[in-house]
Amino acid sequence: MTINYLLPDDVLADVLGRLPPRSLAAARCVCAAWRATIDDRRLLRTDLLPLSLAGIFIHFDDLRFPEFFSRPSTPTTPAISGKLDYMPNKYALYAVNDHCNGLLLLYTHVVNPATRRCVTLPLLPPSRGTFSDNYIVFDPTVSPHYEVIRISYLMCNMRLDPIIRESEWPPSPFLLNVFSSATKQWEDRLFVREGEAAGTIGDLVKLYSRQHYAAYWHGALYVHRCNYVTRLSLTDGKYKVIKNPQDIDMSKCLKFYLGKSENGVYLASLEQELDLQLSVWILNESCAKAKWVLKHRNNLKPLLSRWGYHQVNGPWILHDVNYDLYRKNFGGPWFYNVTYDDLLLEGNNEVPVEDKYEWYSDNDDVDHDTQDGVEEQSHVSISLLGFHPYREIVFLSLSCERGVAYHLNSSKMQDLGSIFPQNFNQVSEVGGGIEASFPYTPCWIGEFPEISSEDHLYRN
């Protein structure tokens, strides 16, 4: 028997309303009546939930910390710091592997940049025979706890027995390692496949890509790998394979990004050769078999040829996390025998000041594609930075120099500002670029469930 049978609705609402946000989120899971009371009375404060876009975390090749490219702060949207200076080991490599509803997943840590809290994951033995990536799922409106899921994948340099090469991939059942912050430990969990596999191991090892983006939507984790998406249902232990849209030509040089946006799960592809063709699909699961529906397709090359930028700063600002942290705190070893003592002799060493520019996130009529007096853009390399989680906008990088918002409904571009880290060309190898990027939605609810110090291990 639950409390709502013993207390009038008003008294129950008053009791639940006294709970801290994370406990209130957990209380929604107790029963349908409690959830109805909390939702109907709007007891869970929406301003604490991950319902707004704060910026984009960008992991550049050769930099130890992710950079943070953020929109201007307002009285209703407090500033988020991209600096991870509260991490336990400042000399470690802290690359962002995934993000979900305010939590960043690093190699061995889970971090909340809004509350500046982090926990270290327990050490997990290396996977045998295959490679793996980790992903995080978290929904503060359902539970205060998160899960980290390790998923195996294939690489093109794997040496395989001929019999194994003919085996289906992913296998069924699919054994995955899952960490739960509720139990504070890793466990083995089996997922049974519904439908056909993505293909044979022998065929799939030829399609290796280091891109491994994911989206969490309505209780399921969607992970993109090469030519298919794996949909993991975390409630019933089942998974299905969703192949790429049929009109994708895998023989072309493609970049992909899977993410969550206004109407669900979106997939973007970008052809780097010749046309710079951007294609965006939305996943439709309303029918028996999930299918990709083309939302937008456009050749960006003509648009770039008449579009340019002339702003130095803004409207968004790159925090220059790596340069600022090492310049102020270390001033010592950097990559390839470069030190910040050397770098201080060159360039502008001031941290950029946030100018008061407007970013018209709700206005698709902003026209930045026909500026006068702008030099023609040529030899532009484009990267996909991610989707706006609540607007049909794709974020792009132009030659790792400018961040751009591309509005799908109007086919117009908007210059957001410089994303080039200070002195990046001196600390990066030739051709260094963006390895991964994650649009960030801050979550201000409470604190992490703690993990005892003996359960984890710091790695350098």
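This is a predicted model: local features need pLDDT of at least 70, side-chain atom pairs count only at pLDDT 80 or more; totals for chains, interfaces and linings use all residues.

Me: Why is Asn101 called buried?
Reply: The label needs a relative accessible area under 20%. Asn101 has 11%. Therefore Asn101 counts as buried.

Me: Where is Asn101 found?
Reply: In a loop. Strand 3 (96-100) and strand 4 (103-106) stand on either side of that loop.

Me: Which residues does Asn101 touch, not counting residues up to four places away in sequence?
Reply: Among them are Pro50, Asp139, Pro140, Tyr216, Lys260, Thr441 and Cys443. Phe138 is on that list too.

Me: How do you know that Phe395 is buried?
Reply: Its relative accessible area is 0%. The limit is under 20%. So Phe395 is buried. Phe395 is found in strand 23 (residues 393-398).

Me: How many residues apart in sequence are Phe395 and Leu416?
Reply: They are 21 residues apart. In space, C-alpha to C-alpha, they are 9.4 Å apart.

Me: What makes strand 22 and strand 25 the edges of their sheet?
Reply: Start with the order. The open sheet has 4 strands, 22-23-24-25, with antiparallel pairing. Strand 22 (382-387) and strand 25 (412-418) each have a single partner strand, so one side of each has no neighbour in the sheet. Direction ignored, neighbouring strands here are turned by 30 degrees against each other on average.

Me: How do you know that strand 24 and strand 25 pair?
Reply: Pairing needs at least two bridges. Strand 24 (residues 402-407) and strand 25 have 6 bridges, in the antiparallel sense. So they pair. Val404 stands opposite Asp415 of strand 25.

Me: What makes strand 18 and strand 19 a pair?
Reply: The test is at least two bridges. Strand 18 (residues 264-271) and strand 19 (residues 277-284) have 5, and the sense is antiparallel. Ala268 has Val280 in strand 19 as its bridge partner.

Me: Which residues of helix 3 are buried?
Reply: In helix 3 (residues 32-40), they are Trp34, Thr37 and Ile38.

Me: Why are they said to be on the same side of helix 3?
Reply: Their arc around the axis is only 95 degrees, which puts them on the same side. The face turned away from the buried side carries Ala32 and Asp40, both exposed. Arg42 follows helix 3, and its phi is positive, near 50 degrees.

Me: Which members of the largest nonpolar core touch the most other members?
Reply: Trp292, Leu300, Ile382 and Leu396, out of 56 residues. Another core lies apart from it, with 48 residues, including Leu121, Leu154, Val205 and Tyr239.

Me: What is Ile382 in contact with, leaving aside its neighbours within four places in sequence?
Reply: Its contacts include Leu270, Leu276, Leu300, Leu304, Leu396 and Leu398. Lys255, Gln272 and Ser397 are also on the list.

Methods:
Residues are numbered from 1 along each chain as its sequence is written. Side-chain values use heavy atoms; hydrogens and water are left out. A nonpolar core is a set of buried Ala, Val, Leu, Ile, Met, Phe, Trp, Tyr and Cys residues joined through side-chain atoms within 4.5 Å. Buried means under 20% relative accessible area, exposed over 50%, partly exposed in between (1.4 Å probe, protein chains only). Contact means heavy atoms within 4.5 Å. Helices (H or I, at least four residues) and strands (E, at least two) are DSSP runs, numbered from the N terminus. Axes are lines fitted to C-alpha atoms, for helices over the stretch in contact, and angles run from 0 to 180 degrees between N-to-C directions. The arc is that of the directions from the helix axis to the C-beta atoms.
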